[in-house]
Amino acid sequence: MIGQMLQAPPLLCERGCDPFAQTQRSKLQHRRARINQQINKEMLMRAGAENLFRATTNNKVKETVALELSFVNSNLQLLKEELEELNSNMEDFICEHYAEDSSLYDKEIKELMELRQAMRTPSRNQAGLELLMEYYNQLYYVDQRFFSTHRNLGVHFHWYDSLTGVPSCQRALAFEKGSVLFNIGALFTQIGARQDRFTTVGIDRAIDAFQRAAGAFNYLKENFSNAPSLDMSASSLCMLVRLMVAQVQECVFERVMLTTRDTHFLSQLHVAQEAARVSDVYQLVQQTMSQPLMKDYVPFSWVSMVQVKCEHFRAVAHYHAAVALCEHTLSADDDEEEDAQKAFLQFYVNIPAGPPLSHILHDPEKRRKLGKAHLRGAVIRHEEALRVHSLCKILRKMDILQDVLSLTHKLSLEKYSELDHEDDFDETAEAPEIKCKTSHTQQKPDITPPNFSTVQVKDIFHRLGPLSLFCARARWGPVRVVGLQWGDGGLGLTLRGDAPVLVAGVVPGGCAEEAGLREGDYIVAVDRQDCKWAKHGEVVRMLKSCSDRTVEISVATLHSHDTQVS
């Protein structure tokens, strides 16, 4: 039986992946150690390139190194500027919008920067996925805290096209979220490609990873617009979704091959239909890659690999159709014969000319000739796969791919020789097209959307206060500090609510009114102790504890609140 594993080159993350990078963030000191990792890496690359530039006398090498130096220097500068810009803008926003001392939030800003730096080079495993998910979920809080519809934070986000390396820059946080989501999908493709697909467990894991990759790319296509780079355009994402679905279908075929141990007629028809299904879905990918925007963008090696798979699996389908026809004799069991005839009548797209299919099943010579036609189709397809493979330099370097294509071609030729009799004077007919109804296939690929709830995160800027009020869309007045002294009538105010506590009423002529407190003020601190998250009872106890002296109360007034969430 023919059934070997062919894999497409795994997709690259937009920012690249370091397979040796450990991104477990369970220890704070480890997270801090990584904040400048990317910058240090770029500096090491620059130092190595500079040494090579000075040492070489080859002009071509000098030109190549000079180009690399230019890229590294620009990349390094972008990274430094991006860190500085994000730091300074967040500090300014905390001071101006929240009326807080930004230096009190240095720890939070640093933690966010560490997380952002770490997610640029995730490990190619579940930990890397969780890191990307963690940062993606954290961006929800960053958006709510710092990105207002009335004021742009002014932060530039730089990413690089996954296939061309061309940098793109936008101020929109949606671009940052979209780029991270793209990397989530890309990382799933790498995890899928790394599975051991010679076991059913490994195949199932690969299927799950490719389906999740398709879900991430599809989610990005449906929820993000105005892509600044071609890899995040609708046409490119559509191609990637189809490519992932094709790899899922290929994995399904591999599982069928692992679990099919016999050459029974029905089993071989089923294998042939599964192979034809794989060929069809890769043909859809090939059509998408040939679209105007895609044909000059997708790497030639990708296009070649997809075409090779399309031809290879169509050839495999013909091969197993021939095995079914020529190596299995129907038993006398009436039920088995009825099932075989029913399956065979539904096997082809169009019923071939000549005798009825039911007659072919019971005529060994007719079965041999039809099987020979299928093998001729298999040989032609195998030769086309080998031709396309030979045109691509990158594919020629893949020894396993070369071996698989050569072996399957050899098996088809050998079986064709077995069926080719000397007295066959009639020209071999063209094999009919094999039908691959979805209902006949073992599993229909699913597009699994990303489940962001699997990674729970805590708002890094939790100390700014409850997000429902202390957000970028809320317009606060300046924080006022008033001094209150307990009198015979108390403080002259009534409080309501929790986190933060609201001044619900002020007694006319009372201590609170004289100090400048107004109905609708929110208490954010008592004696400089932050109480934005405090319960009503806690604030009351804090005030009563100061009954023998003047108590300082920090209050802020909410002028308006934009409830629209972008």
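## Salt bridges

A search of the whole structure, which is a predicted model, finds 20 salt bridges. In one of them the side chains of lysine 309 and glutamate 250 meet, with 2.7 Å from N to O. Lysine 309 belongs to helix 11 and glutamate 250 to helix 8, so this pair ties together parts that are 59 residues apart in sequence. Lysine 309 counts as buried, because its relative accessibility is 0%, and glutamate 250 also counts as buried, at 0% relative accessibility. These two residues take part in a network of salt bridges that links Arg197, Glu250, Glu254 and Lys309.

Helix 11 also carries glutamate 311, which forms a salt bridge with arginine 381, the closest N and O atoms being 3.2 Å apart. Arginine 381 lies in helix 14 (residues 364–391), and the pair links distant parts of the chain, 70 residues apart. Glutamate 311 counts as buried at 13% relative accessibility, whereas arginine 381, with a relative accessible area of 29%, is partly exposed.

Glutamate 418 is exposed, with a relative accessible area of 56%, while lysine 415 counts as buried at 12% relative accessibility.

## Aromatic pairs

Across the whole structure, a search finds 11 aromatic pairs. Among them is the edge-to-face pair of phenylalanine 146 and phenylalanine 461, with 4.9 Å from centre to centre and 80° between the planes. Because phenylalanine 146 lies in helix 5 (residues 126–146) and phenylalanine 461 in the loop between helix 16 (399–419) and strand 3 (474–476), the pair ties together parts that are 315 residues apart in sequence. Both phenylalanines are buried, and Phe146 and Phe461 form one aromatic cluster with Phe93 and Tyr98.

Phenylalanine 253 and phenylalanine 313 form another edge-to-face pair, 5.5 Å centre to centre, with 85° between the planes. This pair links helix 8 (residues 234–259) to helix 11 (residues 300–326), its members being 60 residues apart, and both of them are buried.

## Charges over rings

The charged end of arginine 463 sits over the ring of tyrosine 105, 4.5 Å from its centre, and that of arginine 120 sits over the ring of tryptophan 159, 6.0 Å from its centre.

## Aspartate 161

Aspartate 161 is found in the loop between strand 1 (157–160) and strand 2 (167–170), and it counts as buried at 4% relative accessibility. Its side chain makes a polar contact of 2.7 Å with the side chain of tyrosine 297, and a polar atom of the aspartate 161 side chain lies 3.1 Å from the backbone nitrogen of threonine 164.

How values were computed. Residues numbered from 1 in each chain as written. Heavy atoms only, no water. Helix = DSSP H or I, 4+ residues; strand = E, 2+ residues; numbered from the N terminus. Buried < 20%, exposed > 50% of the residue type's maximum accessible area, 1.4 Å probe, protein only. Polar contact = N/O pair within 3.5 Å; in protein donor to acceptor, adjacent residues only side chain to side chain. Phe/Tyr/Trp six-rings, centres within 6.5 Å; stacked < 30°, edge-to-face > 60°. Lys NZ or Arg CZ within 6 Å of the ring centre and 35° of its normal. Salt bridge = Lys/Arg side-chain N within 4 Å of Asp/Glu carboxyl O.
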